[in-house]
Amino acid sequence: MKTKEIMELETKDLVERIEEEVARYNQMLLNHTVSPLENPSLIKATRRDIARMKTILRQRELNK
């Protein structure tokens, strides 16, 4: 997910999206442990997307 797309989300939607992505990330890690994923770089990309979303959320909190 691009930074511009994240910025367009409302704060409430962003928090929900972060929760969904964290759940998806944890499920990916579990699945990868049991049997390797076809594309393990998705784990890295998801982790970075979560970090990007959390960074923008924190910026919004500090700007209030």
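A residue counts as buried under 20% relative accessible area, as exposed over 50%, and as partly exposed in between. Keep that handy for the exercises below, and bear in mind that this is a predicted model.

**Exercise 1. Work out whether Thr 3 is buried, exposed or partly exposed, and find what it touches.**

Solution. Start by placing the residue: Thr 3 sits in helix α1, which covers residues 3-8. Next, take its relative accessibility, 39%. That value falls between 20% and 50%, so Thr 3 is partly exposed. Setting aside neighbours within four places in sequence, Thr 3 is in contact with Arg 52 and Ile 56. Finally, check Met 53: 50 residues separate it from Thr 3 in sequence, yet their C-alpha atoms are 8.0 Å apart in space.

**Exercise 2. Describe the overall build of the chain.**

Solution. Count the elements: the chain has three helices and zero strands. Read from the N terminus, that gives the order α-α-α. Then picture the box around the C-alpha atoms, roughly 45 × 15 × 15 Å along the principal axes. Of the 64 residues, 22% count as buried. Last, take the contacts with a separation of 6 or more: 64% of them are accounted for by residues 24 or more positions apart.

**Exercise 3. Decide how helices α2 and α3 are oriented relative to each other.**

Solution. Two packed helices are described by the angle between their axes and the distance between the axes. Here α2 spans residues 11-34 and α3 spans residues 41-63, and their axes come within 10 Å. The crossing angle is roughly 155 degrees. Angles over 145 degrees count as roughly antiparallel, so α2 is roughly antiparallel to α3. As for the hand of the crossing, it is left-handed.

Which residues make this contact? From α2 they include Leu 14, Ile 18, Glu 21, Tyr 25 and His 32. From α3 they include Ile 43, Thr 46, Ile 50, Met 53 and Arg 60. Sorted by type, the residues of the contact come to 13 nonpolar, three polar and six charged.

**Exercise 4. Locate Ser 35 and say how far it is from Met 53.**

Solution. Ser 35 lies in the loop between α2 and α3. With a relative accessible area of 40%, Ser 35 is partly exposed. In sequence, Ser 35 and Met 53 are 18 residues apart. In space, their C-alpha atoms are 28 Å apart.

Notes. Residues numbered from 1 in each chain as written. Predicted model: local features only at pLDDT ≥ 70, side-chain atom pairs only at ≥ 80, totals over all residues. Heavy atoms only, no water. Axes fitted to C-alpha atoms, helices over the stretch in contact; angles between N-to-C directions. Helix = DSSP H or I, 4+ residues; strand = E, 2+ residues; numbered from the N terminus. Parallel < 35°, antiparallel > 145°, perpendicular 65-115°, else oblique. Left-handed = near helix turned anticlockwise from the far one by under 90°. Contact = heavy atoms within 4.5 Å. Nonpolar A, V, L, I, M, F, W, Y, C, P; charged D, E, K, R; others polar. Buried < 20%, exposed > 50% of the residue type's maximum accessible area, 1.4 Å probe, protein only.
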